[in-house]
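Work through the exercises below with the sequence and the model open. Each task is followed by a solution in steps.

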Amino acid sequence: MAELAPLDRPEDVPAAVVSALGVRETVLRTAPERPVATADPVELLVEYCAGRELLLVLDNCEHVIEAAARLAETLLTRCPGLTVLATSREPLGVPGEAVRPVDPLPAAEAVRLFGERGAAVRPGFTVAEDADAVAEICRRLDGLPLAIELAAARLRLLGPRQLADRLDDRFRLLTAGSRTVLPRQQTLRAVVDWSWDLLDEEERDALRELSVFAGGWDLAAAEAVCAGPADLLVGALVDKSLVVASPEPDGTGMRFRMLETIHEYAVERAAEDADRALAAGRRHTAYYRALVTTAEPLIRSGQQLPWIARLETELDNIRAALARALAAGEEEDAVALVLGCGWFWWLRNHRIEGAEWAERTMVLAGGVPAAVGDLHVRHRRAEGGTGRSAPTEPGPSVPPGDARYWPRLHLRMLHLFLSSETDPDHENLTPAARAYVTGLRDLFSGADAPEATVFPGLLAAFAPFFLDTAEDAYPLIDGAVDRCRRLGAEWELATALMFRVHITVDAPRENADPQADLGELRHLCARTGDRWLGAQVASARAELAMAQGRYEDARAECEEALHLAQEVGAFAETPFLLARLAEIAHHSGDRPRAEAHMVRAAAVADETASLDAHAFLILLRARMALEDGAPHEAEAMCAQLRVVNGRTGGPPTWMAAFADTEIRVRAALEGADAALPQWREALAAAVSARLSGSITASLLETGALLLMGTGDHTAAVHALTIATRLRGPHARGPHEADLAARVTATTRAALGPEAHAEAVAGAASIDPGDLIA
């Protein structure tokens, strides 16, 4: 083994190997009869190695790389039994070389090394003292053994958590190396300085420029950011172990990154040349702005899967570009980046983060309207204040002809969309917030322009779900459908049609036929290729099939929706679809399958932090407990529901379903008379909100049960008959069918067949409001 680290001059490499081999002869024996004196160490080495089977280790070659490469090639060419193992921060580059990168320590081995070195400097120390902090230290030091040893040496002064919290200043912190090693191995900075000093000036400039990346980059991104020839320079930095290369997950090429220690060092070095760093940052922002702008329509197309994966891969760089644009006050860049990522953030459940970026960008783009503070948005406000000295009007503070008008307006609509998805209380708006949402709705729905139709402007059609009732949404949805048809926005047209199907199923109007819209949606889904849209349409078909009692069709459609949602990575949809499958299985009488789906849905709801999915599951379990004759268990579920739901208000449909369950629980525990007042209140709210026929019918069926329990059999018949009328083609589930049969049998027996028939006929002229009165 020849240790080359102490050498200062490349020409000393052969002599160092001679010394390592213990070769002392100074006579070259080219032939036994003619010995020749020589002082050439290379010839001595050839003479020594030529007839031997030998492994020669050349350790630490990087600072004498050319001399080590020449010697290795000479010896390997003339000594057939010789194998050379060289350690270096870059390959020797000689024929026959096989490169084996030495990876950082795996997590477990890094932690073990830290524990051993820590115990050596502080007797009694064990990793268990703070295992999380130790794991963080090893991870942030990239598993580099020397860095871990230097960090462990600081345990004389600091605890593991204190040490982990100070790693942002690692070069000042990690300085307690061994006095007996080479100076360049005594501190972390000296180790990296050693690598820096081995670079030429063009490579140093490239490393400075590449420090603008966060989370890695590909060659195209490097070519956009680096002023020099990126392919050559990145390759050189990979060879010198300052950049790590690994294949892209999809096999399309290579991805590059710096270890965290190297990145921090490169950022420091970049600060030495502020102009170069500023220019590289601008090129980085421009590249990722172009990327998200290109990706935005494609993530809603048949090409969406690779583009979604690419945005996920580049998320850290997009964040870095956004932060830079906001810090520099570059409104155009910031708005373009936010709008380009809006649908991606929603689809992939980055909604809280997206709402934060949107609000921070609103601060820059004309200020945040004061009413936004009343939207109950549950995310961190922009640092340094929200800029709410701006006017409270929903429109941006520039006229419609200004180039910033539509981007700013879209930014506000996107912020409303993302924040509503992260806030469980968004329905309970203050008057100012309602006025703000109404103003946004009117600005978009009143503009007959392409900008008002595309996402996120399309979302203005859904504003009634913040403000009023589903019934009021029809004119806006119809208007959006018409505009999308005229302006040729296929994905937006499909989205509007899909939403119209959902509200038609939930709150049907006269002459509304969801089947016609579903038929058109099949063709639109095939043309756009968007799996998320396909999942939504399949979900709507499942809802309609379940309402009509076609449970096998509903199950097949729901499974298709689940498959498409998971394929596209719309994981926020998964717990709801699993819960819907549980509900379908329950209505089908398949209790084991229902239980299995509920268990899986609850696990996914935990993973995605979906309180609403948990609430739906608890409500379903409460219903099932009631059907099992376990009202006390159902009561406990209702109490748990209030905790999980985290609110006393909610959408009218949800509140009606929750109230219906609570009423049945109270009736089971306290009797029909005790539950009647709450039932009258819930039915009045459902009528006032014009809820769907099936929701109101369920309340009426509960009322029929209560009225029968109080002995008012005629009113019970009226309630059940009105419920049947409201259900229309929507079938009752097995439990509701049993309830209806029980009410019918009991009231017919109590009234007699003739009086019962008269009560049924009399219900034809009675509506739910009359029944309440």
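**Exercise 1. A bridge partner and its sheet**

Which residue in S8 is the bridge partner of valine 244?

Solution. The model is a predicted one, in which local features need pLDDT of at least 70, side-chain atom pairs count only at pLDDT 80 or more, and totals for chains, interfaces and linings use all residues. Numbering starts from 1 along each chain as its sequence is written, and side-chain values use heavy atoms, with hydrogens and water left out.

Step 1. Valine 244 has arginine 257 in S8 as its bridge partner. Strands (E, at least two residues) and helices (H or I, at least four) are DSSP runs, numbered from the N terminus.

Step 2. Serine 246 stands opposite arginine 255 in S8. S7 pairs with strand S8 (residues 254–257) in the antiparallel sense over four bridges; two strands pair if DSSP finds at least two bridges between them.

Step 3. Six residues separate S7 and S8, which form a hairpin. Glycine 251, in the turn, has a positive phi of about 75°.

Step 4. The open sheet has three strands in the order S6-S8-S7, with antiparallel pairing.

**Exercise 2. A parallel sheet**

Describe the sheet with the order S1-S4-S5.

Solution. Step 1. This open sheet has three strands, with parallel pairing. Its edges are strand S1 (2–3) and strand S5 (82–86); each has a single partner strand, so one side of each lacks a neighbour in the sheet.

Step 1. S1 and strand S4 (residues 54–59) run parallel and are joined by two bridges. In S4, leucine 58 is the bridge partner of alanine 2.

**Exercise 3. The faces of a helix**

Find which residues of H29 are buried, and state how they are arranged around the axis.

Solution. Step 1. Check the length. Helix H29 (residues 591–607) has 17 residues, which at 1.5 Å a residue should span 24 Å; the end C-alpha atoms are 25 Å apart, in agreement. The expected span is 1.5 Å times one less than the number of residues.

Step 1. Ala594, His597, Met598, Ala601, Val604 and Ala605 are buried in H29, where buried means under 20% relative accessible area, exposed over 50%, and partly exposed in between (1.4 Å probe, protein chains only).

Step 2. Down the axis of H29, the buried residues fall within an arc of 135°, so they line one face of the helix. The arc is taken from the directions from the helix axis to the C-beta atoms. An α-helix has 3.6 residues a turn, so residues three or four places apart point the same way.

Step 3. Pro592, Val599, Asp606 and Glu607 are exposed on the other side of H29. The buried residues pack against helix H28 (574–587) and helix H30 (611–627).

Step 4. Look at the ends. At the start of H29, a side-chain oxygen of aspartate 590 comes to within 3.2 Å of the backbone nitrogen of arginine 593. Alanine 609, which follows H29, has a positive phi near 55°.

**Exercise 4. One histidine**

Is histidine 410 buried or exposed, and what is it in contact with?

Solution. Step 1. Histidine 410 lies in helix H19 (residues 405–422) and is buried, with a relative accessible area of 7%.

Step 1. Leaving aside neighbours within four places in sequence, its contacts (heavy atoms within 4.5 Å) include Leu339, Phe444, Glu451 and Phe455.

Methods: A polar contact is a pair of N or O atoms within 3.5 Å; within protein, one must be able to donate a hydrogen and the other to accept it, and residues adjacent in sequence count only if both atoms are side-chain atoms.
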